[in-house]
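Please open the model in your viewer and keep the selection tool at hand. The tour below moves from one selection to the next and says what is there at each stop.

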Amino acid sequence: MTHVLTAGLSHILRLRCVRCDAEYPTDSGHLICPACGRDGILDVEFDYAAIAERLTRESLAANPDTTHWRYAPLMPLVNPERRPPLAVGGSPLYSCPRLAAELGVNEILIKDDGLNPTASLKDRASSVGVAKALEAGATVITCASTGNAASSLAGAAASVGMEAHIFVPARAPEAKVAQLLVFGAKVYVVEGTYEDAFELSMACAERLGWYNRNSGINPYLVEGKKTVGLEIAEQCGWQPPDWVFASVGDGCSIYGLWKGLWEAEQLGLSHRVPRLIGVQAAGAAPIVEAAHSESDLVPIAAETLADSICVGTPRNWRKALNAVAESDGKWLTVTDDEILDAMRVLGARAGVFGEPAGVTAFAGAVKAAKMGLIGSNDRVCAVVSGNGLKDVVNAIRATGQARRVPPDIEAVMKIVRP
Ligand SMILES: *Cc1c(COP(=O)(O)O)cnc(C)c1O
Ligand SMILES: [Zn+2]
């Protein structure tokens, strides 16, 4: 299946296989490396010298567009104007001095990507995926997802009148399924794992010719996710922090984060790339395992309440390992209890409500501070990748139920002034 257009992509040099390093021209029509098959995920290589002439600190400062399309010269699109209208990106980066004091670090920055149109970082990828599908003349798009890729794809597709067929595992939280239904997607709740849902959507894409938004296959999605890294660098006045924490399931997001931070440096916008810490849930940590054993990934049966990163067979593990290694970074796991603690702490101290996978990066930062991995002079950023309203069942699990009172001031007084 070839869905790659060629004209107008002169700012792209080539596609390169992350497994065997083979190079392919942008007009080769490949979504994956033909020599390596599904293991051969491609990476898009840009002509940074040419892009640097168009994208400068000054041109960005003068650009009134606050969405992630402000980085359009770095997007793999023939015509960046032809895209979903939703306002993706431009999410806030908060400095949280009380949290920094508690953690014993110089500064902690929270990048709240839960404020995207469908409330997760995945909107960055889906907006580019749908733009690529429009480019390819596709009228139907599909993906499998633990939840957020699905809701973001459904929203982006709805915004341009494209039909979306979505495969989600049975464990997807209700709010995410509700988003799909409201956006009018054709939803298939697969009685099985995320891996089963993935295989089913792959098979349908192949048999029915639907455009494939699966990030384990489509090399262009990471080019949307990289804008989170570009934004962090720009929002720091091109003085990026020492460490950036990211929660990891499939591995696509952290690679995108790294690529954006790295491109900011390539283009001469910022002077360094922060060290990345990839954080996985302890029950779903095959990439951390591969990093620590310095071996290829071994799939596992994943189990964590952080549904968005409950991935036993990550497709982008190679890209994720490369990103963290390139940045001289590290890998960490956190338990489900640490994730729930992080949700409460982040909510109560910073006013930011993340879903379990959304706060996993912050849970990693808390743990790294306790372990002495990050020091008192360090500036640290944690990306909150999904909004807490997507999974209120686990939020209430973290906080406990609210207190009930009769409608009586004396009863309240007994509580306030016991
Ligand atoms: C998808 C997702 C992640 C992880 O991204 P991967 O590309 O799967 O590693 C983290 N947090 C949230 C909220 C997500 O939806
Ligand atoms: Zn290859």
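A polar contact is a pair of N or O atoms within 3.5 Å; within protein, one must be able to donate a hydrogen and the other to accept it, and residues adjacent in sequence count only if both atoms are side-chain atoms. This is a predicted model, in which local features need pLDDT of at least 70 and side-chain atom pairs count only at pLDDT 80 or more, while totals for chains, interfaces and linings use all residues. Residues are numbered from 1 along each chain as its sequence is written, chains are lettered from A and ligands numbered from 1 in the order in which they are written, and side-chain values use heavy atoms, with hydrogens and water left out.

**Ligand 1**

Begin by selecting ligand 1 and the side chain of Lys122, where an oxygen atom of the ligand is 2.8 Å from an N or O atom of that side chain. Taken alone, ligand 1 exposes 380 Å², and the protein buries 97% of that; such areas come from the Shrake-Rupley method with a 1.4 Å probe, and for residues only the protein chains shown count as cover.

Next select residues 122–135, which form helix H4. Helices (H or I, at least four residues) and strands (E, at least two) are DSSP runs, numbered from the N terminus. The 14 residues of H4 should span 20 Å at 1.5 Å a residue, and its end C-alpha atoms are 20 Å apart, which agrees; the expected span is 1.5 Å times one less than the number of residues. In H4, 14 of its 14 residues are buried, where buried means under 20% relative accessible area, exposed over 50%, and partly exposed in between (1.4 Å probe, protein chains only). Gly137, which follows H4, has a positive phi near 75°.

Now select residues 252–266, helix H10, which has 15 residues and reaches 20 Å from its first C-alpha to its last, close to the 21 Å expected. H10 is mostly covered, with 12 of its 15 residues buried, among them Ser253, Leu257, Trp258 and Leu261. Just after H10, Gly268 takes a positive phi of about 75°.

Which residues have the most contacts inside the largest nonpolar core? They are Val244, Leu257, Leu276, Ile287 and Trp331, in a core of 71 residues, and H10 gives the most to this core, with seven residues. A nonpolar core is a set of buried Ala, Val, Leu, Ile, Met, Phe, Trp, Tyr and Cys residues joined through side-chain atoms within 4.5 Å. A second, separate core of 37 residues includes Ile108, Ala281, Leu340 and Ile374.

Centre the view on Val244, which, leaving aside neighbours within four places in sequence, is in contact (heavy atoms within 4.5 Å) with residues including Leu257, Leu261, Leu276 and Val383. Trp238 is in the loop between helix H9 (227–235) and strand E10 (243–247); Trp238 is buried at 7% relative accessibility, and has a positive phi of about 60° although it is not a glycine.

Select Arg38, in the loop between strands E2 (23–24) and E3 (42–46), which is partly exposed with a relative accessible area of 38%. The side chains of Arg38 and Glu199 are joined by a polar contact of 2.9 Å. Arg315, in the loop between helices H11 (286–293) and H12 (317–326), counts as buried at 18% relative accessibility, and touches residues including Arg38, Glu195, Glu199 and Asp250.

**Asn106**

Finish at Asn106, in the loop between helix H3 (97–103) and strand E5 (107–112), which is partly exposed with a relative accessible area of 47%. The C-alpha atoms of Asn106 and Ile374 are separated by 9.9 Å, although the two are 268 residues apart along the chain.
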